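Biologist: I am new to this model and would like a close look at one part of it. Please take me through it step by step.

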Amino acid sequence: MKYQDGDKQITYALVNQDLCVTKFLSLVNAVWPGKYDDQFTKEALQKTMNITAWDHEKLVGCVRILTDGYFFGTITEILVRPDYQGRKIGKHLMEIAWEQSPTSLFIGAQPGKEHFFEKLGYTKSIQSFQKKKQRK
């Protein structure tokens, strides 16, 4: 699937188990700088539906869906490189996620990002909670 983005053409793809860990972690570090383990990342990516946005060979966005296929589906994260934000890439990723998901979708929005999801037709739902563990 392709959408024109000004002078750039962004290509979207549903990529499941074969998403390149190196490219994914480059995207993650552009949004959430940190230290991430390659093997644990690979294992995590194999457990989700991964919808990606590409500017040629550069991964510029990704949304991940964790689902049991019947009762529950959640967006684990939506990531768009900061220099590509504001170009409707996140919107297109979320639209494809909705089309591809076999279930309803739940999202825990970061504070200040609620409006993005509301514009896409998502409504406020259950309150989310977290209890963090140190990442391996």
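Where does Thr 74 lie?

Modeller: Thr 74 is in strand 5; strands (E, at least two residues) and helices (H or I, at least four) are DSSP runs, numbered from the N terminus. This is a predicted model, in which local features need pLDDT of at least 70 and side-chain atom pairs pLDDT 80 or more, while totals for chains, interfaces and linings use all residues. Residues are numbered from 1 along each chain as its sequence is written, and side-chain values use heavy atoms, without hydrogens and water.

With a relative accessible area of 16%, Thr 74 is buried (under 20%, with exposed over 50% and partly exposed in between, for a 1.4 Å probe and protein chains only). Setting aside neighbours within four places in sequence, Thr 74 is in contact (heavy atoms within 4.5 Å) with Arg 64, Ile 65, Leu 66, Leu 105 and Phe 106.

Strand 5 also brings us to the largest pocket, where strand 5 gives the most to the lining, seven residues. A pocket is an open set of points on a 1 Å grid over the protein atoms alone, where a 1.4 Å probe fits, with protein on both sides within 12 Å along at least five of seven lines; its lining residues have an atom within 4 Å of a point. Two or more lining residues come from each of strand 5 (73-80), helix 3 (89-100), strand 6 (106-107) and helix 4 (114-119). By type, the lining holds 19 nonpolar, 15 polar and 13 charged residues (Ala, Val, Leu, Ile, Met, Phe, Trp, Tyr, Cys and Pro are nonpolar, Asp, Glu, Lys and Arg charged, the others, including Gly, polar).

Next comes the second largest pocket, of about 700 Å³. Among its 21 lining residues, Phe 40, Ala 44, Arg 64, Glu 77 and Arg 135 lie nearest the centre. Helix 1 (21-31), helix 2 (38-45), strand 4 (58-67) and strand 5 each give two or more residues to this lining. The largest share, five residues, belongs to helix 2.

Helix 2 is also the place of Thr 41, which is buried at 11% relative accessible area. Not counting residues up to four places away in sequence, Thr 41 touches Val 21, Phe 24, Leu 25 and Tyr 36.

Conventions:
Points joined across faces, edges and corners; volume = space filled by probe spheres on them.
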